[in-house]
Amino acid sequence: MRTIEAEGDILYLGRQGENLALRIRFPVTAWADTFGSGSFALVAQRAGDAAPYPVDISVDESYVNWDVTSADTAVAGLGHCLLLYYADDGTVAKSRTMFTKVAPSLDDAGADPPEAWESWVNRVLTACKAAENIAEAAAHMPIIERDTWWLWNSDEGVYEDSGYPARGEQGPQGEQGEQGKQGADGADGATPVRGTDYWTAEDQAEIVAAVAALFTDVSVEGQ
């Protein structure tokens, strides 16, 4: 997988139908420094599509990572993408809208993007604006329940299922780890001692004789 940093006015996603051949990194240190702690989201709109869809991203240290999939490159042409930041205090920040470009390929095989999310980003903003104050908005940010995003409905006072999946497809199983080192042999056990840890045959005979002698002079009354 090639890795590039998001720069310039156009992000080149690769050729039509390519899958996980490219990672685009967005530097985001300034966002947290400016707005405090929060979470990121990335939306993209392919050439000719009527609505954007959410992109599966990962965050590490100072970057948001977009691993471009066949869903993102299924349609050749110019599209758009937008990075958003949801601060814990209810602030919503957006990047500039960036152009994306997918080069045509001899085969046009591709994958459909996730189902249009009915302006999911706008629904988040509407939910925040409808909150009575910033404290309520910060206390009812989107949450994950049963593997989907749930949004706060301020009119009903409950979270509602947006239907949008919060997890991507499971990745391939990793390779088996190396065999661990052989442990050191344990210490030898103690050697049993005669008369201490076990009885000899002579010991056993003496015990039997002694017990038998206890019953030699026993008589039963009336006999």
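## Close-up views of the predicted model

**View 1. A32 sits in helix 1 (residues 29-35).** Helices are DSSP runs of H or I with at least four residues, strands are runs of E with at least two, and both are numbered from the N terminus. This is a predicted model, in which local features need pLDDT of at least 70, side-chain atom pairs count only at pLDDT 80 or more, and totals for chains, interfaces and linings use all residues. Residue numbers start from 1 along each chain as its sequence is written, and side-chain values use heavy atoms, with hydrogens and water left out. A32 has 36% relative accessibility, so A32 counts as partly exposed. The classes are buried (under 20% relative accessible area), exposed (over 50%) and partly exposed (in between), with a 1.4 Å probe and protein chains only. A32 and Y85 are 53 residues apart in sequence, yet their C-alpha atoms are 8.8 Å apart in space.

**View 2. F40 and Y85 form a tilted aromatic pair.** Two quantities describe a pair of aromatic rings: the distance of the centres and the angle of the planes. For F40 and Y85 these are 4.5 Å centre to centre and 50 degrees between the planes. Rings of Phe, Tyr and Trp (its six-membered ring) pair if their centres lie within 6.5 Å; planes under 30 degrees apart are stacked, over 60 edge-to-face, and the rest tilted. F40 belongs to strand 4 and Y85 to strand 8, so the pair ties together parts 45 residues apart in sequence. Y85 counts as buried because its relative accessibility is 2%. W31, F35, F40 and Y85 make up one aromatic cluster. The whole structure holds 4 aromatic pairs.

**View 3. F26 is a buried residue of strand 3.** Its relative accessibility is 4%. Leaving out residues up to four places away in sequence, F26 touches A6, L11, L42, S62, Y63, V64, W66, L83 and M98. A contact here means heavy atoms within 4.5 Å. F26 and E7 are 19 residues apart in sequence and 8.5 Å apart from C-alpha to C-alpha.

**View 4. Thirteen residues line the second largest cavity: 13 in the count, with L13, Q45, R46, D72 and T100 closest to its centre.** The volume of this cavity is about 70 Å³. A cavity is a set of points, on a 1 Å grid over the protein atoms alone, where a 1.4 Å probe fits but cannot get out; lining residues have an atom within 4 Å of a point. Points are joined across faces, edges and corners, and the volume is the space filled by probe spheres set on them. Strand 4 (38-45), strand 8 (77-87) and strand 10 (98-103) each give at least two residues to the lining. By class, the lining holds 7 nonpolar, 4 polar and 2 charged residues. Nonpolar covers Ala, Val, Leu, Ile, Met, Phe, Trp, Tyr, Cys and Pro; charged covers Asp, Glu, Lys and Arg; the others, Gly among them, are polar. The structure has 2 cavities of 30 Å³ or more.

**View 5. L20 has a positive phi in a loop.** The loop joins strand 2 (10-15) and strand 3 (22-27). Phi of L20 is near 55 degrees, and the residue is not glycine. L20 is partly exposed, at 41% relative accessible area.

**View 6. E61 also shows a positive phi, near 50 degrees, in a residue other than glycine.** E61 lies in the loop between strand 6 (57-60) and strand 7 (63-68). With a relative accessible area of 81%, E61 is exposed.

**View 7. V158 is placed in strand 13 (residues 158-165).** V158 is partly exposed, with 39% relative accessible area. Beyond its neighbours within four places in sequence, V158 contacts L151, W152 and N153.

View 8. Buried residues account for 29% of the 223 residues. Among contacts between residues at least 6 apart in sequence, 58% join residues at least 24 apart. The chain exposes about 15,200 Å², and carbon and sulfur atoms supply 50% of this area. Areas come from the Shrake-Rupley method with a 1.4 Å probe; for residues, only the protein chains shown count as cover.

Technical notes
1 Å grid on protein atoms, 1.4 Å probe; cavity = no way out; pocket = protein on both sides within 12 Å on 5 of 7 lines; lining within 4 Å.
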